Amino acid sequence: MKSYLILENGMIFKGEHYGSDKEVVSELVFNTSMTGYLEVLTDPSYAGQAVCMTYPLIGNYGICYEDEESVKPALDGFIAREISKTASNFRSEGLLTDYLLQHDIPAICGIDTRMLTRILRDSGTMNCMMTTDDSVFKIVEDPDQNIIKDEWDHLSPDNVIIDDNVMKKIKEYTTGNVVDRVTCDHVITYNPVLSSSEGDIKEDQKKCAKKIALMDFGSKKNIIRSLLSYCCEVMVYPARTKAEDILKENPDGIMLSNGPGDPKACGSIIDEIKKIYDSDIPVFAICLGHQLMALATGATTKKMKYGHRGGNHPVKDLRTGRVYISSQNHGYMVDMDSLDEKIAVPAFINVNDNTNEGLEYTGKKIFTVQFHPEACPGPHDSEFLFKRFLEMMEEDKNA
Amino acid sequence: MPKNKSIKKVLVIGSGPIIIGQAAEFDYAGTQACRSLKEEGMEVVLINSNPATIMTDKNIADKVYIEPLTVKAVEQLIKKEKPDSILPTLGGQAGLNLAMELEERGFLKENGVKLIGTTALTIKKAEDRQEFKDTMEKIGEPVAASTVVKTVEEGIAFSGKIGYPVVLRPAYTLGGSGGGIAYNEEQLISILENGLRLSRVGEVLVERCIAGWKEIEYEVMRDNAGNCITVCNMENIDPVGVHTGDSIVVAPSQTLGDKEYQMLRSSALNIITELGITGGCNVQYALNPDSFEYCVIEVNPRVSRSSALASKATGYPIAKVAAKIALGYNLDEIKNAITGKTYACFEPMLDYVVVKIPRLPFDKFISARRTLTTQMKATGEVMSICNNFEGALMKAIRSLEQHVDSLMSYDFSELSRKEMLAELETVDDMRIWRAAQALRMGITRDEVQKITRIDRWFIDKLYNITEMEYRLKTAELDIPMLREAKRIEFPDYMIASLNGKTLQYVKDMRLSAGITASYKIVDTCAAEFEAETPYYYSVYGDENEVITTDSDKKKILVLGSGPIRIGQGIEFDFCSVHCTWALKNEGYETIIINNNPETVSTDFDIADRLYFEPLTPEDVENIVNIEHPVGAVVQFGGQTAIKLTRSLIDMGVPILGTSAENVDAAEDRELFDGILEKCGIQRPKGHTVFTVEEAIDAAHELGYPVLVRPSYVLGGQGMQIAVNDEDIEQYIGIINRIVQEHPILVDKYLEGKEIEVDAVCDGEDVLIPGIMEHIERAGIHSGDSISVYPARTISDTARKKLADYTKKLAAALHVVGMINIQFIVCDDDVYVIEVNPRSSRTVPYISKVTGLPVIPLAVKCITGHKLKDIMPEMFAEKDNNDPENDIPGLWPERDYFAIKIPVFSFEKIRGADISLGPEMKSTGECLGISKSFNEALYKAFLGAGINLPKHKNMIMTVRDEEKEEAVDIARRFEKLGYKIYATLGTAKVLNAAGINAVRTNKIEQDSPNLMDLILGHKIDLVIDIPPQGAEHSRDGFLIRRNAIETGVNVITAIDTARALVTSLENRNDDKLSLINIAKL
């Protein structure tokens, strides 16, 4: 079956259809990771978005359920050059094509994903519709016969008329309040892992075990796994939990998770984070959590042209000058000009475009990063930040 | 960190002659590094014994020494030039070993020279087997159970403990020389004895065999601040057990999940950090296909073949960045040259697939075993880029230049199912073809996977290709099928032949459906950032990113020379690159097409546009259709480019320089005879034939010995000297194994001096840079002969004739550009044996030793300039009768000798016959240069690695015709203190002449015989001059093979032996004259 990707700028791509045949309107972004498609699919931060993979061969190693970053994909649609019809890996339990169907995710294959990426890079992130219905557009009469009937793979806006209602729907789309869609609905407690594949956890690690409250805005599982591997007890709270309810449990530290959408759309959550800021409990925040803390303390965020999504972004630790390759997935960023150094100073910057990648809060035991130290997919280079968080809590305890 | 200010003058050590395991990739790395250093204002001193390299050009380094890469030579050079630093990590293993030896001797410290880039301690930690193992254990990185042994007994004991099979790896050798897998004690003893001998330190690592695991490589960079990145990872399609240089490799890895990918990536970063490497490094892993278990196989603390591949696969210039790091810069301070916007501190993301296939030399060494092992055998490689794996594989196959164009190119259809199941176990260069046939026969993908242990994903892809073959064969061609066939890169002619259509039919159908090739940019970042670098690869059915500029510049297409193979080596890359630079200087926009990832020509900043594509008519036509060049230059890309001449003309692209008709005239025997007659030039009598009978008749008419060879070949492929009818039958049989479009030539063999001339012609005037003379008599391929510039033993009459003939031939063939002519001189008589109206192997050599910019001059001629205008003084009217005057057009001879000596890689190719003849066998060359002939000769031998004596024992066995000549040579060796062992006949002659030669039994006779002597490791040198014609006894072959495999030097031509003894009589290691050729 053919499937169509209609862009906000009036372009249409035609490809092969996979997965669910439902029609979706979404915000289209691209991800440059060469591995980790399942982690991308199940990253709740993609809620409200359709993701185009720039690497052309996707699905090669099948589906390994233990690599899922949440219980199910939260994204709206998936686009790849070629999805493998066979899978080869000792852990594979199924095919990507089946997985997409199982989770009701529509996918398009066989389109020129590099061209699409270049469009998004040049024009910025845009909305799109994925549909199998070819009645929503009409090809313009082509006197030069440049468009060969049934043989076209994409149409420029000049060659096609798209149904007004469809175009309206695409243009009006916003990701909206997506955090509520992906957060958990009740508090879940994870007990520390007392043994691992490498043997029993060492005594000194046990001693420093901490109780951590994780505010779930769409947390990736690996944040929890990372904390557990440090022998922490993790209590996961729904995004709308009142700060008081968390504080009264006396956690040693609070983590603000990653999550989807525009941080400014988070409304009352920001107020609760302000209370956490005031509480003097050590806080470590990732991605959306980082942006929310900035908003809560008076800074502003802005939408990026096409964001950072991939596993190759260099971030510089301004404290040490060291550069780490990081996993990233964000379309908004903290506006550095809006920072008040009495409140927070940059801790990390992106080496490519000098955008903010992390903040250290003045006089507080709070640090936040825009990138993903929990990786999955992507490099583990900044995993040490979890350790830094633990040390911070230890210092706090001893203080 | 900013640049280290204390570094001002840097010595860069090159990698020496091209041998298997150390090829053009180090010219690419070294050239890039030198340019990078100069960019930073460094004074660069370069030493490399290889004259065919681009790095030894005077515009690459400030001071260039083409000198032997020995400790003594480098020590003297350091004393002379006084550099403050050495960059040792860009010259491959040769350069690294040399730097380490200087460091260990304390020489560097004494002379205030520091190693930059990576410290000696780091190199030791990575290279020394035990230290490496200890280091890995310290940081918890698993290595296969192993131990370092110094004796065979230790090896037997340890292998007994860990169980067979075991892998053996000698320390400090390159390309895995002397290594292998032993499945039992007997094999262990044989490989281990040899490996211990070849190792520089007499150590061999014995380790648990992990054959069959996935082999994965990471290219890693680290800077002075400790920032680490991985440039690329690569997956070998051939599982562990085949040397990575002989494996088909794909980038990035295809069958690793993110967990595995990141696990190995983190491990690679841990390793580079612990070793403290600053610069580039390559880490090889074995990954258990059924678990997360992995082992570190090897770390190379330097740039390598893999890093060249990774650079081309990603667009990330590893050597350039490594050089900057050596100067003190950090990754986040170095710009990404492709985007110009981002920094070197990031990891390239690919949005395409890269496939590399090794180019193996079994077409040259027919008797060699094709089995692939942990010892590398490939002479070169090709790379291809596509957005799907099938397409990348198809493109790489047709880039190989070895009569293959698809998975159908080797025919295994004769095999029964049972035979096929057995044959699938074979690990050789034809394995994927065999697997494809197995799939066609209905053997399941799982079965093929199980037997070959090639990952199922790759088998699936082979299956997809065979499925397409089947569909094309059985179904009527429609547009969706055609679209899919083109997507996975089936050439039009193949679609046509499978589907029973004409080529034109397929082409028309394709164009009417709008199915055309388009080009994408390699941009390091999967389109995330804008990139201006015009580095392209083709795909079907996608957007075309080539922006055809409106500049006024005319575009010229330069065709590269494809993979490095015996007969067409790095020299042709030198020619292509210089042609490109010269065209740029002439104001043209240059477009280069090539598919060799090791070379300078495929660096993205050489031509204005680089197309990384196969060099076949269809692939070239697709580019022509987009670029519309005003012309193409084919005379610099060797036979690969020449072969495309006709196709280019058919596409409407004019050939610049010598016309195609004249190229044909030089190759077509009848036309050429006509020209010779017109010019009054003689050539050895000969005939063109097609059959054995005709050949035998021709030989009888001419009288034996005769030279038999196919026309239109390079490197004398298939050329042999026949002394009787049986020889003719055998040789023609070999030639005809590949269908011949052109006739076979049978010529009278003349034993004279072989002379070679390269010349530049503008259609009227001819410039002869120099005349080169071969040390070996005619009959040995010019590429395998020692070549002396200037020719010193020919008469003035002959010299004048040579110049005169060259001019006549160039004029008669209307040569515009380069011409290469080979002559035989017998006293004053001069015969022409071959004319090549194109650039030749000797052009880099003659350019460097004469100081003449030969290729730029040829390019000027091609673009319409006249030599008279460029160098009026050369072509001024002179009185030809005045003996004081130079020969017109002949560039004045230099007052020193430059001797080019061939270098072979015989020890790598099991079963290859090493005796020299008309078919070329050498892989590389090096140069000795000096005011004195004898010193030049000594330096040449030294550079070639013939380092005598150790034991002062030698063996001589000489054919009857040359026994008399052998006497003098033997006497001279005896005088040098050599003990000579000789076979019966030779010993008799030597004893009669008063030489104390010890008679030794032949191999088939009782011990102690020749073989015992060789295997007893007390022999330095074997001089074995086999009879001409096909050798019927295995004796000589066995002697030569065993000698080579035990690391003994072997000489198979009497003239070479004489040259060697002359060089040894003149040895003076401590006082080499060092010549800066940049000043010539």
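I began with strand β37(B), which is mostly covered: 5 of its 5 residues are buried. This is a predicted model, and I read every value below with that in mind.

**Entry 1. The strand β37(B)**

I looked up which residues point to which side. Leu1021(B), Ile1023(B) and Ile1025(B) lie on one side of β37(B), and Val1022(B) and Asp1024(B) on the other. Both faces are covered, and these residues are all buried.

Next I checked the partners of β37(B). With β34(B) it pairs in the parallel sense, over 5 bridges. Here Val958(B) stands opposite Ile1025(B). β37(B) is also joined to β38(B), by 3 bridges, again running parallel. For Ile1023(B), the bridge partner in β38(B) is Ile1051(B).

**Entry 2. The whole sheet**

In what order do the strands of this open sheet stand? I read β36-β35-β34-β37-β38 in chain B, 5 strands with parallel pairing. β36 (997-999) and β38 (1049-1051) of chain B stand at the edges. Each has a single partner strand, so one side of each is left without a neighbour in the sheet. The twist averages 25° from one strand to the next.

I then followed β34(B) to its other neighbour. β34 (953-958) and β35 (979-982) of chain B run parallel and are joined by 4 bridges. Ile955(B) has Tyr981(B) as its bridge partner in β35(B).

**Entry 3. Helices across the sheet**

I noted two helices here. Helix α34 (984-992) of chain B lies across β34, β35 and β36 of chain B. It runs at about 145° to β36(B). Helix α37 (1054-1065) of chain B lies across β34, β37 and β38 of chain B. Its angle to β38(B) is about 125°.

**Entry 4. Helix α3(B)**

I turned to another helix, α3 (92-104) of chain B. At 1.5 Å a residue its 13 residues should span 18 Å; the end C-alpha atoms are 18 Å apart, which agrees. Is this helix enclosed or open? 10 of the 13 residues are buried, so α3(B) is largely enclosed by the rest of the structure. The buried ones include Gly92(B), Gln93(B), Leu96(B), Asn97(B) and Glu103(B). After α3(B) comes Gly106(B), with a positive phi near 80°.

**Entry 5. Chain B overall**

I counted 37 helices and 38 strands in chain B. The C-alpha trace spans about 75 × 70 × 70 Å along its principal axes. For 1080 residues, a compact globule would have a radius of gyration near 31 Å; chain B has 28 Å, which agrees. Buried residues make up 60% of the chain. I also checked contacts between residues at least 6 apart in sequence: 71% of them join residues at least 24 apart.

**Entry 6. Where chain B meets chain A**

I looked up the contact between the chains. 47 residues of chain B are in contact with 43 residues of chain A. On the chain B side, α9 (258-275) and α16 (456-474) each supply at least two residues. α9(B) gives the most, with 6 residues. The residues of this side divide into 20 nonpolar, 13 polar and 14 charged.

**Entry 7. One residue in chain A**

My last stop was Ile224(A), placed in helix α7 (221-229) of chain A. Why does Ile224(A) count as buried? The cut-off is 20 or more other C-beta atoms within 10 Å, and Ile224(A) has 21. Leaving aside residues up to four places away in sequence, Ile224(A) touches Tyr190(A), Leu214(A), Ser219(A), Val234(A) and Val236(A). I also checked Met235(A), 11 residues along the chain from Ile224(A): their C-alpha atoms are separated by 9.2 Å.

Terms used
Residues are numbered from 1 along each chain as its sequence is written. Chains are lettered from A and ligands numbered from 1 in the order in which they are written. This is a predicted model: local features need pLDDT of at least 70, side-chain atom pairs count only at pLDDT 80 or more; totals for chains, interfaces and linings use all residues. Two residues are in contact if their C-beta atoms, placed from the backbone, lie within 7 Å. Ala, Val, Leu, Ile, Met, Phe, Trp, Tyr, Cys and Pro count as nonpolar, Asp, Glu, Lys and Arg as charged, and the others, Gly among them, as polar. Two strands pair if DSSP finds at least two bridges between them. Axes are lines fitted to C-alpha atoms, for helices over the stretch in contact, and angles run from 0 to 180 degrees between N-to-C directions. The expected span of a helix is 1.5 Å times one less than its number of residues. A residue is buried if 20 or more other C-beta atoms lie within 10 Å of its own, exposed if 12 or fewer, and partly exposed in between; C-beta atoms are placed from the backbone. The radius of gyration is taken over C-alpha atoms; the globule rule is 2.2 Å times the number of residues to the power 0.38.
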